[in-house]
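Have a look at the model first, then read on.

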Amino acid sequence: MAEVIEFSGPVLTGPQTVERGAWSVDGRLTFSRPATPPGRVLAGWVLPGFVDAHCHIGLGPSGPVDSGTAQEQAAADLNAGTLLVRDAGSPADTRWMQGGRDFPVLIRAGRHIARTRRYLRGFAEEVEPDGLVEAVRKQARDGDGWVKLVGDWIDRSAGDLAPSFPAAVVRDAVQAAHDEGARVTAHCFAEDTLDQMLDAGIDCIEHATGLLPRHLPRFAEQGVPIVPTLINIATFPEIAAQADPKFPRYAAHMRALWERRLERVAEAHAAGVRIFAGTDAGSVIRHGRIADEILALHGAGLPVAAALDSACWAARAWLGADGLEEGARADVVVCREDPRAVPGTITSLDHLVLGGRIIR
Ligand SMILES: [Zn+2]
């Protein structure tokens, strides 16, 4: 007999569209009442399982973690309602988690690619410019359709943020990834790095703290989304305080980027730039904070429906995953109240259903 769960509450099939009457039948959603009576009836408002578009499973404060720790990280994300993770670079091979019944669906980017000694030690595959294209090809083949570049970092000789690689090399590297059928995203803090990445035909920008009004039309026209990771940007003042004695220019730059963090997100949204929710959990940020990031985006000025969309319907469509439609994989979260009216309801979800299995 089929395994049936009934969702008796309103189902948000989009940020503004509500259906009534949905069921999971053997792990697939349907909007027609099945012949088999439900084994369980779950009440509440139904949303697609949240997407964390910038998360690092298998990464800890000093590099790769063991599989037990990676499993705990994935469990923390799952319990918070993150049922789909775009991993934004991990030094640990987490392929063993994929297809499991107990883990979020995982889209891997392979390892971060950084310039030699220009990123956190032990995190990235580190290369010089003449090795970038080959490194990108390798990660494109190893990952699940995404490659992660560290686009800029402190250049200690200059005492400030600077692009990791020359523009022409970045262009060739992005082209190489596209030839391999992969998309490229880049960690970018500084203003000038964004011009280089847009010129190269990048597919997504992480953090995007250097976003200036001059960049906005290009992001919108080229359809390049940003993942602001606001709960991680909140740590910039601490980074600046530590750097101050040796690198005062860099520290001042980081503080200035932090000061504009909310306006920048609001301006991007107003200009039609797509925004997705990512926590950057893994090294500094603990796992399981997707609701905090959604609420931070709302706090920055995104209307609540847009903030939810950054981790729900739009995020799933962007990553090629199912939303809430007939025949979709039953990956849903259930909250007590309408999250558009009571956004805080997403911080304590009543139920989680992963692939048609009730986790909670
Ligand atoms: Zn990250």
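Helices α7 and α8 cross in a left-handed way. Left-handed here means the near helix is turned anticlockwise from the far one by less than a right angle, while clockwise would be right-handed. Helix α7 covers residues 236–243, and its axis sits 8 Å from that of α8, at an angle of about 165°. That makes α7 roughly antiparallel to α8, since angles under 35 degrees count as roughly parallel, over 145 as roughly antiparallel, 65 to 115 as roughly perpendicular and the rest as oblique.

Before going further, some ground rules. This is a predicted model, where local features need pLDDT of at least 70 and side-chain atom pairs need 80 or more, while totals for chains, interfaces and linings use all residues. Residues are numbered from 1 along each chain as its sequence is written, and side-chain values use heavy atoms, leaving out hydrogens and water. Helices (H or I, at least four residues) are DSSP runs numbered from the N terminus. Their axes are lines fitted to C-alpha atoms over the stretch in contact, with angles from 0 to 180 degrees between N-to-C directions.

So who touches whom? On the α7 side, the contact (heavy atoms within 4.5 Å) includes Phe236, Pro237 and Ile239, and on the α8 side Tyr250, Met254 and Trp258 are among the residues taking part. The residues of this contact split into twelve nonpolar, no polar and one charged. For this count, Ala, Val, Leu, Ile, Met, Phe, Trp, Tyr, Cys and Pro are nonpolar, Asp, Glu, Lys and Arg are charged, and the others, Gly among them, are polar.

| Pair | Axes come within | Crossing angle |
|---|---|---|
| α2 (residues 132–142) and α3 (residues 167–179) | 9 Å | roughly 25° |
| α8 (residues 248–259) and α9 (residues 261–270) | 4 Å | roughly 50° |

α8 and α9 are therefore oblique to each other. Leu257, Trp258 and Glu259 of α8 meet Arg261, Glu263 and Arg264 of α9, a set with two nonpolar, no polar and four charged residues.

As for α2, it passes α3 in a right-handed crossing. Leu132, Val133, Val136 and Arg137 make the contact from α2, and the α3 residues include Val169, Asp172 and Ala176.

Zooming out, an automatic or database assignment gives domain 1 (4–47 + 321–358) and domain 2 (50–318). Their C-alpha centres lie 30 Å apart. Domain 1 puts 24 residues into the contact and domain 2 puts in 22. How much area is buried between domain 1 and domain 2? About 1,900 Å², with carbon and sulfur atoms giving 73%. Buried area is the accessible area (1.4 Å probe) that two parts lose on being put together, summed over both.

Notes: Helices (H or I, at least four residues) and strands (E, at least two) are DSSP runs, numbered from the N terminus.
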